[in-house]
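Subject: Structure handover

Hello,

Here is the structure for you to look at. My notes on it follow below.

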Amino acid sequence: MDINFELYKVFYHVASSLSFSEAAARLFISQSAVSQSIKTLEERLNIQLFFRNTKQVKLTKDGEILFKHIEQAYNLIKSAERTIDEIHSLEQGEVRIGASDTICKYYLLPYFKAFHKLYPKIKILVTNGTSPKCVDLLKQGSVDFIVSNLPNHYVTSSMEAKPIKPIQDVFIAGTQFKELENRIVSLKELEKYPFLMLEHKTTTREFFDSMLVKNDVHIIPEIELGSIDLLVEMSKIGLGLTFVWKNCIEEQLSKKEVFIVNIKEEIPERSLGIITHKHIPLSIGAKRFISLLH
């Protein structure tokens, strides 16, 4: 089946924006030209790609399947174009990274600064999200690589994960729980205390839950949030215990606003890792950024 790539290009922009007018603006063509292109593509494929009415545009099931593949292909082409643009110099281009707020703040921030100093004309584009979201972005080719806590069971066989830095998780509490300070307590004993935790579908929450299961401990958090910083702040004012990276609380520890709860059971060490897609080539800028990380 020989179909002009331009038809797929129009389809990509309509499907990604769910708007014929927005696609027309992106492509600098008329809305009628967009409609005609979609009609032609539907006739060539002998399927309906969109449900249309006066208020909204929605992908059909066939449209969703096609978009899933076209999106990856489109991003591969854009990646190839960026690589060609950058092949002789690092005077232009971009690095697209997927990572959580916590990883950006407590690990990547100094590398953003260092990279920008070395290559000021290369844009750093960061998309924040949970581990599943970041893996989906990589799967779609929307980012060059992601930085994530490992292990990360959302990583697929088409991806490669490389550990770069060990991290240690700790339990912390505010001064309202002084009875836990300077003593060793079991995980079982913590069942009677209020807990604040990251929301589900994060690698840290899954690591925490699996540790509890392994030790036959039952803790149901009273508050679940998407921000480590907010968990620490709530722990400071005595709303409960929480479970965080040790290097996220250095300032609070030095000010004695929180303390580490010493646990009898061993908390396994994890690591930060770089996750790349085996079938999507990295841009030169992305390779240079990764080379800085340690």
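Which residues do ring pairs link into a cluster? They are Phe 11, Tyr 12, Phe 20, Phe 50, Phe 67 and Tyr 74. Rings of Phe, Tyr and Trp (its six-membered ring) pair if their centres lie within 6.5 Å; planes under 30 degrees apart count as stacked, over 60 as edge-to-face and the rest as tilted.

Before the rest, some ground rules. This is a predicted model, in which local features need pLDDT of at least 70 and side-chain atom pairs count only at pLDDT 80 or more, while totals for chains, interfaces and linings use all residues. Residues are numbered from 1 along each chain as its sequence is written, and side-chain values use heavy atoms, with hydrogens and water left out.

The chain overall

The protein chain has 10 helices and 13 strands (DSSP runs numbered from the N terminus: H or I of at least four residues for helices, E of at least two for strands). Its C-alpha trace spans about 70 × 45 × 30 Å along the principal axes. Of its 294 residues, 47% count as buried; buried means under 20% relative accessible area, exposed over 50%, and partly exposed in between, with a 1.4 Å probe and protein chains only. Taking contacts (heavy atoms within 4.5 Å) between residues at least 6 apart in sequence, 74% join residues at least 24 apart.

Aromatic pairs

The count of aromatic pairs comes to 17. In one of them, the rings of Phe 171 and Phe 243 have their centres 4.9 Å apart and their planes at 55°, so the pair is tilted. This pair links distant parts of the chain, with Phe 171 in strand β7 (residues 169–174) and Phe 243 in strand β11 (residues 242–245), 72 residues apart. Phe 171 is buried at 0% relative accessible area, and Phe 243 is buried at 0% as well. Phe 243 also forms a stacked pair with Phe 207, at 6.3 Å centre to centre and 25° between the planes. Phe 207 lies in helix α7 (residues 203–214), 36 residues from Phe 243, and Phe 207 is buried too.

Two single residues

Thr 127 sits in strand β4 (residues 123–128) and is partly exposed, with a relative accessible area of 29%. Beyond its neighbours within four places in sequence, Thr 127 contacts several residues, including Ile 97, Lys 133 and Val 143.

Ser 283 is in the loop between β13 (270–277) and α10 (284–292). Ser 283 is buried, with a relative accessible area of 0%.

Regards
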